[in-house]
Amino acid sequence: MPRTLQDKLAILSDAARYDASCASSGTSRRDSRDGKGLGSTEGSGICHAYAPDGRCISLLKILMTNFCIFDCAYCVNRVSSNTPRARFSPEEVVHLTTEFYRRNYIEGLFLSSGIIQTPDKTMEDMVRIARTLRLEENFRGYIHLKTIPDASPELIAEAGLYADRLSINVELPTDAAVKAYAPEKSPGQIRGAMADVKAQRRASKDRSHTGKRPAKFAPAGQSTQMIIGADGSNDATILGQSSGLYGAYGLRRVYYSAFSPIPDSSAKLPLVTPPLQREHRLYQADWLMRFYGFGVDEITGSRADGNLDLEIDPKLAWALAHREEFPLDVQRADKAMLLRVPGFGTKTVDRILATRRHRDLRYDDLRRMGAALKKARPFITLRDWSPGGTIDSADLRTRFAPPPEQLSLF
Amino acid sequence: MRTVALPRIGTAAAWRTAARGLLAAQVPPEAVLWAWDSPAQIDLFGAEPAPVAPRGDVTVPKAFVALAENVCWHSDPERFARLYAFLWRLRRQPQLMVDRGDAQLATLRGMEKNVRRCAHKMTAFVRFRDLGEAGADGRRRFAAWFEPTHHTLEPTAPFFTRRFADMDWAIHTPDVTARFEGGQLSLHEGSPRPDLPEDGADELWGTYFRNIFNPARLKVKAMTSEMPRKYWKNLPEARHIPDLIANAEARAREMAEAAPTLPPVRAERILERLHAPGVLRGMTFDDLRKRAEAENRETQPGYGRIVLGEGPADARLMVVGEQPGDVEDREGRPFVGPAGQMFDTVAAEAGLERGAAYVTNAVKRFKFTLRGKRRIHQSPTSGDIEHARWWIAQELDLVQPKLILAMGGTAAETLTGSRKGILKRRGAVEETEYGPVFLTVHPSYLLRLPDAAAKAAETARFRDDLASVAKLVA
């Protein structure tokens, strides 16, 4: 019996849910004020809904098809799984995207796919969908395309003209793990594809000798995702890998996805409760690397096993391990050190810097500036605040860590 | 006492005009009563019209104008008075605008944040419904009902005009209705909830919402903090939430407990075809060379270009040195500088045929510091080694040598994970993930020995090592 659109949507969105990314931000500004098209993008993205898993729903995130010839152990769509299969026609994807967009359900489309026949054939169909949306429907919303590792460079080049973001998943933190769990994928090719996109993006920024600008190529950049908790890599390895990726390929984001049980799992990978807390700490560490000037080894150096402390956040863990740097005089400290105070975010630090030019700061000022003072208190001094000896007290950590939990017998 | 009445539509602009007039006339905040959308009240106090000041008479920091524009849409009845009170202080102390610790400003900034959040949530949670019949000009028609916390429809309507310009739409809220028809936006008095027709797309959207949810990661608080319950009644997808939450645990348990199934018959056939030789394209030497060329287009300060190894693709021996030197970098070939020549000489004496081996470096780029015009060699750090590991791994994958000769600490670290005790470990074969590795010193070590006797002795030891290698791969 042929599947209805309703059935296909159910199967192909179910299959797409393990991709963490749903961002629709950071692309070039477009609108449809000329009345000839549909959609706009304005810098920051919009989350149109939230699912009960706490993840934002910004894009229509679907697979073109979940038929796949690869056999990746962690994936619900691997060839050896008995999950129900379906395939959208390009017209169906275009219809769903524009109709959903008109009702303000979504910011755009995030299209991924299982690999069918050949990588080129798969990529070609995906590019066709993007082309139809842009050229025939005059769709000006956001498009995120997954690139297929082995697809020809011409197809990737065309995809980059229609898509705001291109991405390809490195899948697992080490090459050995990819080899073990995704035998058909090659880490070398994945990195090769990322390098190609980076090169194309750079090329699209060069003006010609007449000063003409080439067409924009994937203006929202590229991102990737790795699954954590499926193999035995520690957090130092994971963060080392992502800082390498940020550096080498100029990625906008590396997403961490806690390995989560899938229907019809493979015998190769034991199912566990997804390590959500670890995922959260990794994101915090990622932010510290990108916006707070921390190095990988500083973040992961405080524990011998190279993992992050699950009970307290990585910045606090660093501060507790480097108490000699504190307490810090907020009125005088430089920006780099202010950013290292637990409880101070980048915005708070900017406000401190702007205000202290005019006058002395007081404790209450910091509260109004948005600092989390419960956390920051022991680490700072101000004209009307001194932490006394708390910074040296042995039980400082226990003030922040959650109370010990009694294990259940059953 | 003056009373200023502000209209429901165009509030922010009206407040700005009034405030400008009051400020020009030096009216202190205590002497002004602000009324919004309630003409009856004005009569009560006997209104004295606000003085009008021409544009440009009063100057305030730019940031305040933006702040006021937002705060005017807040639902707090005191908002106009708060703004004017702060403005009154601001005229003498313009630096107040950047003082994030000031209590009055903090309150206003807090209100601004509420308004912006409310406006943002409006752009997110308005849900249009298709009204069916298209208009006379062929434009499709949509309408939505929305209940914002603050009066944010007016400042948010332009967003919808930028986004949905090729259709006609209306957004109804309790106090204002925005209509966009034929490309023109108009604002009207609000209305009670209109009766909007059912839309078939809502059901598709609900299907999507149910299926994109991963029951194994239930985080209800994360959802409600971003999508508070007050919005749920106007969101078509929200009616599925209670069910999804209630069944999540059972669904996750079911997945965990389900025994692995047997793969479908087609899986074996497909995988067999896929793993047949030549189907899964790995990296070829050509791909590798292209990658290197692509990366070489961009120079990195302090580093030379990528120099790949050379030699037969089916070599039984792979010789791994440290990194290209100044000469290698200029020529783009490995092992052609002084150390390479040293290696060639000794290898020939030891009976090791260099032409039959694939020679390469553990790190692919020459690392240097500039001293005058000279490029002084710098040892690669662990970071450089890790960064370059991919390249050597590709080469090893392609050549598949029977034995790897690692010369010096960098090669040892890359291939065996440790550079410690090379002099003790030399001359022996170590099993590694890349295959058997024979360790010895780097030829440049011999070049650097100042004492002629020591140099001769070390060269002899190096020759012995190479002779053992020649025997092992013979």
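Me: Taking the expected span of a helix as 1.5 Å times one less than its number of residues, how far does helix H6 of chain A reach from its first C-alpha to its last?

Reply: Bearing in mind that this is a predicted model, helix H6 of chain A, which covers residues 187-203 and has 17 residues, reaches 24 Å between those two atoms, close to the 24 Å expected at 1.5 Å a residue.

Me: And which residues of H6(A) are buried?

Reply: The buried residues include Pro187(A), Gly188(A), Ile190(A), Ala193(A), Met194(A) and Val197(A), and Arg191(A), Asp196(A), Lys198(A) and Gln200(A) are also among them.

Me: OK, switching to the cores. Which residues touch the most other members in the largest nonpolar core?

Reply: That core has 167 residues, and the ones touching the most other members are Leu60(A), Leu111(A), Ala130(A) and Tyr181(A), together with Ile171(B) from the other chain. The largest share of this core, 9 residues, comes from helix H5 of chain B, residues 103-125.

Me: What does Ile171(B) touch, not counting residues up to four places away in sequence?

Reply: With those neighbours in sequence left out, Ile171(B) touches Val126(B), Ala144(B), Phe146(B), Leu153(B), Phe160(B) and Ala178(B).

Me: What about a second core, which residues does that include?

Reply: There is a second, separate core of 35 residues, and Leu352(B), Tyr358(B), Val363(B) and Met407(B) are among its members.

Me: Back to chain A. What domains does the assignment give, and what distance separates their centres?

Reply: The domain assignment gives domain 1 as 5-261 and domain 2 as 323-400, and the centres of the two, taken over C-alpha atoms, are separated by 41 Å.

Me: How many helices and strands does chain A have, and why call it as compact as a globular protein of that length?

Reply: Chain A has 15 helices and 10 strands. Its radius of gyration is 24 Å, close to the 22 Å that the globule rule gives for 410 residues, so chain A is as compact as a globular protein of that length. The C-alpha trace of chain A spans about 75 × 60 × 40 Å along its principal axes, and 51% of the residues of chain A count as buried.

Me: What radius of gyration does chain B have?

Reply: Chain B has 38 Å, whereas a compact globule of 474 residues would have a value near 23 Å. Along its principal axes the C-alpha trace of chain B spans about 110 × 70 × 45 Å, buried residues make up 34% of the chain, and its secondary structure comes to 18 helices and 15 strands.

Key:
Residues numbered from 1 in each chain as written. Chains lettered and ligands numbered in written order. Predicted model: local features only at pLDDT ≥ 70, side-chain atom pairs only at ≥ 80, totals over all residues. Helix = DSSP H or I, 4+ residues; strand = E, 2+ residues; numbered from the N terminus. Expected span 1.5 Å × (residues − 1). Buried ≥ 20, exposed ≤ 12 C-beta atoms within 10 Å, placed from the backbone. Core = buried A, V, L, I, M, F, W, Y, C linked by C-beta atoms within 7 Å. Contact = placed C-beta atoms within 7 Å. Domains from an automatic or database assignment. Rg over C-alpha atoms; globule rule 2.2 N^0.38 Å.
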